[in-house]
Each structure stands twice: as structure tokens, then as C-alpha cells.
Amino acid sequence: SADFNQDDSINVLDVVSIVSLILNGGQAQSMPDFSLEDINPASEYYGDYIGPEVFQDDISIYYFGKAGWSMCRNRFGVLNDLYLELQSEGVDDVEIIGINGFQYIDDNYSCMICDEFCTSSTCDAGPRVLPWVQDLDIDSDGTGDVWQDWDATIRDLVFLDRNGVYVTRVNLTSYNPAPDGMGECTDNYDTIKQLILDLRSR
């Protein structure tokens, strides 16, 4: 049956599960764990070292961005809005974490997290509450460890289930998640939200 999550309907999660099974050769793929410090003062995890193991039993979603680029900041803002919307609806078992690439370690991240030092109008709504961490190069090979281990591309959004098992990834460069996006992009926000909701029943 194509109803992978056995909810008596064929939905976006079932499609994602089929694709993931094909790509992973039918094997569940646990992503490498990491532990990086949350540097966003507005996040509930501020100052904590977080990673997939911390979020066992929750749906965890990882956004790979560049702090200094407006498109990356825009996408992160939409994810922040989505997180707050889910929270307002009583969904408290979903975590979204932003990871700045090691190659962008010198970028100013004030306007990514919308702290008090950002003067951009894109931060008029106030501080963003999602965790923001900085990837590091512990093995000194010139490449960020998490981005390398997760084979990440800029603006990748990677979804893990409650067991830390890889479900899928969506690249938000062309897949604009903004609900006010132009043309065919207008449904992307709802599709991502529905994927998250479906994942909760997996």
C-alpha cells in the first residue's frame, strides 16, 4: 500500500516517504548527530548546545542558510512565522533550527535573528524565536562539519522524524515558502505545513 503512515489517505507524507525509500535504497537513514550552541537570545534554547539528539521525540527541521544574504533571511523569517503559527495551534512537538555555514562565519547575523541591532524593515515584527547555530570546522578540513556530514546546500530544509531518521529535504531557493509568493509559489507554505502535520502522525 502507498499509505505509508496508515492514516487511511494518500497524502504528501506518503509521497515523500516513497521518494525517500527510493533514494535511500529502502533503508531508514539516521542523520549524523551534532551539538552546536544556540546563539539567538530570543530562542528558548539560547546558550544551549543543540542537535538531533536533543530533539528526540520531536519532529526536527534544519535550515541551512547564510546569515548575510537577504533571501536566506527572508526564508528564515517565513519559517519563524510558520513555527509561531503551529505553536498557536497547539503544535508543540516541532522544532526548526537554523544553521549558518562555516564559510559564512564572519557574516553579521543580527538581521537573521532580528535582534535589537538590526535596522532592516524586514525585522519590524520583532525578534525571531527559532534557534540559530554556527557550523564549525572541528576537523580543520576547511569545510563546515554539519554541512559536510549532511551534504547540505544553501537554503536546504531537512526534515527528521521523531527518531532522528531522515525523511526528506526541500531547497527553498526556488521553492519559495512565503504565503504571499507569486504564482505557483503561493501553495508552498501550506504544503510545507501539511508535511509537518503529516509527519507528526508517522
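**Definitions applied to a predicted model**

Tutor: Asp-151 is found in the loop between α4 and β6, the elements being DSSP runs numbered from the N terminus (helices: H or I, at least four residues; strands: E, at least two). This is a predicted model, in which local features need pLDDT of at least 70 and side-chain atom pairs count only at pLDDT 80 or more, while totals for chains, interfaces and linings use all residues. Residues are numbered from 1 along each chain as its sequence is written, and side-chain values use heavy atoms, without hydrogens and water.

Student: Why is Asp-151 called exposed?

Tutor: Asp-151 has a relative accessible area of 60%. Exposed means over 50%, buried under 20%, and partly exposed in between (1.4 Å probe, protein chains only). The value for Asp-151 lies over the exposed limit, so the residue counts as exposed.

Student: How do you know whether Asp-156 is buried or exposed?

Tutor: The relative accessible area of Asp-156 is 5%. That is under the 20% limit, so Asp-156 is buried. Asp-156 lies in strand β6 (residues 156-160).

Student: What makes the pairing of Asp-156 with Arg-169 a polar contact?

Tutor: The side chains of Asp-156 and Arg-169 are joined at 3.0 Å. A polar contact is a pair of N or O atoms within 3.5 Å, one able to donate a hydrogen and the other to accept it within protein; residues adjacent in sequence count only if both atoms are side-chain atoms. The distance of 3.0 Å is within that limit, so the pair qualifies. A polar contact of 2.8 Å also links the side chains of Asp-156 and Asn-171.

Student: Which residues does Asp-156 contact beyond its neighbours within four places in sequence?

Tutor: They are Tyr-62, Tyr-63, Phe-64, Asp-151, Arg-169, Val-170 and Asn-171, where contact means heavy atoms within 4.5 Å.

Student: What makes a set of residues a nonpolar core?

Tutor: Its members are buried Ala, Val, Leu, Ile, Met, Phe, Trp, Tyr and Cys residues joined through side-chain atoms within 4.5 Å. The largest such core has 49 residues, and those with the most contacts inside it are Tyr-62, Phe-64, Ile-99, Trp-150 and Phe-159. Helix α2 (residues 70-88) gives the most to this core, with 7 residues. Phe-159 touches, among others beyond four places in sequence, Ile-61, Val-165, Ile-192, Leu-195 and Leu-199.

Student: What makes a space a pocket?

Tutor: On a 1 Å grid over the protein atoms alone, a pocket is an open set of points for a 1.4 Å probe, with protein on both sides within 12 Å along at least five of seven lines; lining residues have an atom within 4 Å of a point. The largest pocket is lined by 19 residues, of which Gly-77, Val-78, Asp-81, Thr-122 and Arg-128 lie nearest its centre.

Student: How much of the protein chain is buried?

Tutor: Buried residues make up 50% of its 202 residues. The chain has 5 helices and 7 strands, in the order α-β-β-β-α-β-α-β-α-β-β-α.
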